[in-house]
Amino acid sequence: MEKQKMGGVVFPLVTPFCGEDEHVNYPALDKLIDFLIENGATGVIPCGSTGELVSMTLEEQLEINRHTIEYVNHRCKVYACTGAYRTSDAILLSKAAEEAGADGVMVVTPWYITPNEEEAYDHYKAIRAELSIPLILYHNPYLTGCWLSEKIIAKLYNDGIIDAIKDSAHDIYRHQNMRALCKDDGFSIFYGYDNLPAEALMMYADGWITGVGT
């Protein structure tokens with residue numbers, strides 16, 4: 001698939017649960033999706049941090065991603081969050097999202113037993129080998145414990161493994177460093193915090209992934 005530059009304002013979706021069995025409230029999820037699209041969202045992300053990623057079963061992630069892709073029906077971009085602790089699960093989720101018609105996937109770094117940069121590189125390389133659609137690296141070091149330097153992020157892009165990053169490192173000056181290290185201007189940078197979006201765009205970000213709107 002031809003590389004595409006991503007940007008705009010993208011919203012990670014809240015996942016509404018209800019009932020004693022904590023089932024997913026799909027009508028409420030659909031209502032939220034409609035609201036965001038009607039108010040100009042460039043894209044949405046199911047099953048991200050805001051969507052309770054770490055508390056979901058694999059089956060719930062698969063079903064919510066599929067449902068969101070089908071319900072949005074090309075009215076905006078859908079970047080399915082397919083992050084998982086195990087590389088094999090991230091591959092399974094990513095392949096399913098591609099088959100369902102996602103515009104791309106967003107994959108957070110593994111957490112708890114934190115990988116070093118070489119291990120993180122191998123994690124994303126393995127996912128890319130099974131995937132054709134755009135791959136967004138979700139870098140959230142304060143919650144995952146995995147800190148990736150601008151150098152390794154640029155290498156992941158230059159080696160054709162990732163297409164974009166959601167960077168929640170809370171340092172907008174990293175953007176210009178990544179830009180300088182990338183071999184071309186095709187790398188898409190999403191600012192991943194909620195407090196400095198205008199400043200981030202001034203520092204070479206292409207877009208904003210924000211939970212504020214949900």
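Mentor: Quick ground rule before we start: a residue is buried when its relative accessible area is under 20%. Also, keep in mind that this is a predicted model.

Trainee: Got it. So is cysteine 146 buried or exposed?

Mentor: Go by the cut-off, which is under 20% relative accessible area for buried residues. Cysteine 146 has 1% relative accessibility, so the label for cysteine 146 is buried.

Trainee: How many disulfides turn up in the whole structure?

Mentor: A disulfide needs two cysteine sulfur atoms within 2.5 Å. Searching the whole structure gives a count of 0.

Trainee: And how far from cysteine 47 is the nearest cysteine sulfur?

Mentor: Cysteine 47 isn't in a disulfide, and the nearest cysteine sulfur belongs to cysteine 81. The distance is 7.0 Å.

Trainee: What about cysteine 146, how far away is the nearest cysteine sulfur there?

Mentor: Cysteine 146 is in no disulfide either, and cysteine 81 again supplies the nearest sulfur. That sulfur is away by 15 Å.

Trainee: On to the core. Which residues have the most contacts inside the largest nonpolar core?

Mentor: Nonpolar side chains tend to be buried together in soluble globular proteins. Here the largest nonpolar core has 68 residues. Those with the most contacts inside it are Tyr124, Leu135, Ile153, Ile162 and Phe187.

Key. Residues numbered from 1 in each chain as written. Predicted model: local features only at pLDDT ≥ 70, side-chain atom pairs only at ≥ 80, totals over all residues. Heavy atoms only, no water. Core = buried A, V, L, I, M, F, W, Y, C linked by side-chain atoms within 4.5 Å. Buried < 20%, exposed > 50% of the residue type's maximum accessible area, 1.4 Å probe, protein only.
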